[in-house]
Amino acid sequence: MDDEKKVVTSLNDAKGSDDISIYQTSLDNSLKLASLAESEVSYVKVDLKKVASTAEYQEGLDNNLKLVATPADAAHETKVQAFKYFCCMCSAGVIEFITYLIFVAVLPIDPNKMIHFLDPKPLSLLIFVSEIISLALSIVWNFTFNRKFTFKSAKSVPKAMAMAFLFYVPFFPFAAWYVPRLAVYIGIFAKLSKMILNGVLEFLWQKFVIYRHDTNTAV
């Protein structure tokens, strides 16, 4: 940790200097810090070994300080992202929950009609269909706002959306089975418990898979 602090200090000391030779060490220091922190540097917008003005070095130094975070910085960023994600998840949860109740009430499906899905025991078709539609709406809402506000990513929307829906390849069948099955015993709490589990797992998926190398890249 002391070595990491020394490297960060040396990078900060270079900011605002007119001496190009001071900036020439910033890239090496950044890479050293990345190694110490066991972080990953996915890109550097300005190659400090090729530029020749203090203004360009300043831009490169700012990028290095942004891209290479100490463990403490990374932990703080994760907490901020988790809080933002929680806010987005709550709004998506409200949408999912309300639309679920609406569809259960208005869909022209006999509540006594049953289907079989991943289980020999019958499930309510009404609850099954309502779960599918409300979940799809919450996915689109959650993805849109987390991409823009939580992870501030410039990642391709089709690619990121495809990866977001990939999460639901295993989770959707589980949710479609879980909610109708437990609703028989605990009613609406089956839906609420599924939403909590969904939120935690999806945050981990978005942070460490979808936006692992694309956080804070939006202009």
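The questions and answers below concern a predicted model of one protein.

Reader: How many helices and strands does the protein have?
Author: From the N terminus on, the elements run α-α-α-α-α-β-β-α-α-α-α. The strands therefore sit between two runs of helices, as that order shows. The secondary structure comes to 9 helices and 2 strands.

Reader: What share of contacts in the protein between residues at least 6 apart in sequence join residues at least 24 apart?
Author: The protein has 219 residues, and buried residues make up 37% of them. Contacts between residues at least 6 apart in sequence are the ones considered here. Among them, the share that joins residues at least 24 apart is 71%.

Reader: Is Ser 130 buried or exposed?
Author: Ser 130 has its place in helix α6. Not counting residues up to four places away in sequence, Ser 130 touches Tyr 100, Phe 103, Val 104 and Leu 107. The cut-off for buried is under 20% relative accessible area. Ser 130 has 0% relative accessibility, so the residue counts as buried.

Reader: How far apart in space are Ser 130 and Tyr 100, C-alpha to C-alpha?
Author: Tyr 100 is one of the residues that Ser 130 touches. In sequence the two are 30 residues apart. In space, C-alpha to C-alpha, the separation is 5.4 Å.

Reader: Which side chain does a polar contact of 3.2 Å join to that of Asn 142?
Author: Asn 142 is found in helix α6, which spans residues 125–150. At 3% relative accessibility, Asn 142 counts as buried. Leaving aside neighbours within four places in sequence, its contacts include Cys 88, Met 89, Ala 92, Glu 202 and Gln 206. The side chain joined to Asn 142 by the polar contact of 3.2 Å is that of Tyr 85.

Reader: Is Lys 152 buried, partly exposed or exposed?
Author: Lys 152 is found in the loop between α6 and α7. Buried would need under 20% relative accessible area and exposed over 50%. Lys 152 has 37% relative accessibility, so the residue counts as partly exposed.

Reader: What value is phi of Lys 152 near?
Author: Most residues other than glycine have a negative phi. Lys 152 is a residue other than glycine with a positive value. Its phi is near 45°.

Reader: How many charged residues does the contact of α6 with α7 have?
Author: The axes of α6 and α7 come within 11 Å and cross at roughly 130°. That angle makes α6 oblique to α7. Ile 139, Val 140, Phe 143 and Arg 147 in α6 meet Val 157, Ala 160, Met 161, Ala 164 and Phe 165 in α7. By class, the contact has 8 nonpolar residues, no polar ones, and a charged count of 1.

Reader: At what angle do the axes of α7 and α9 cross?
Author: Helix α7 covers residues 157–166 and helix α9 residues 189–210. α7 passes α9 in a right-handed crossing. Their axes come within 10 Å, and the crossing angle is roughly 135°.

Reader: Which class do the residues in the contact of α7 with α9 belong to?
Author: On the α7 side, Ala 160, Met 163, Ala 164 and Leu 166 take part. They meet Trp 205, Val 209 and Ile 210 in α9. The contact has no polar and no charged residues, and the 7 residues in it are nonpolar.

Methods:
Residues are numbered from 1 along each chain as its sequence is written. This is a predicted model: local features need pLDDT of at least 70, side-chain atom pairs count only at pLDDT 80 or more; totals for chains, interfaces and linings use all residues. Side-chain values use heavy atoms; hydrogens and water are left out. Axes are lines fitted to C-alpha atoms, for helices over the stretch in contact, and angles run from 0 to 180 degrees between N-to-C directions. Helices (H or I, at least four residues) and strands (E, at least two) are DSSP runs, numbered from the N terminus. A crossing is left-handed if the near helix is turned anticlockwise from the far one by less than a right angle, and right-handed if clockwise. Contact means heavy atoms within 4.5 Å. Ala, Val, Leu, Ile, Met, Phe, Trp, Tyr, Cys and Pro count as nonpolar, Asp, Glu, Lys and Arg as charged, and the others, Gly among them, as polar. Buried means under 20% relative accessible area, exposed over 50%, partly exposed in between (1.4 Å probe, protein chains only). A polar contact is a pair of N or O atoms within 3.5 Å; within protein, one must be able to donate a hydrogen and the other to accept it, and residues adjacent in sequence count only if both atoms are side-chain atoms. Angles under 35 degrees count as roughly parallel, over 145 as roughly antiparallel, 65 to 115 as roughly perpendicular and the rest as oblique.
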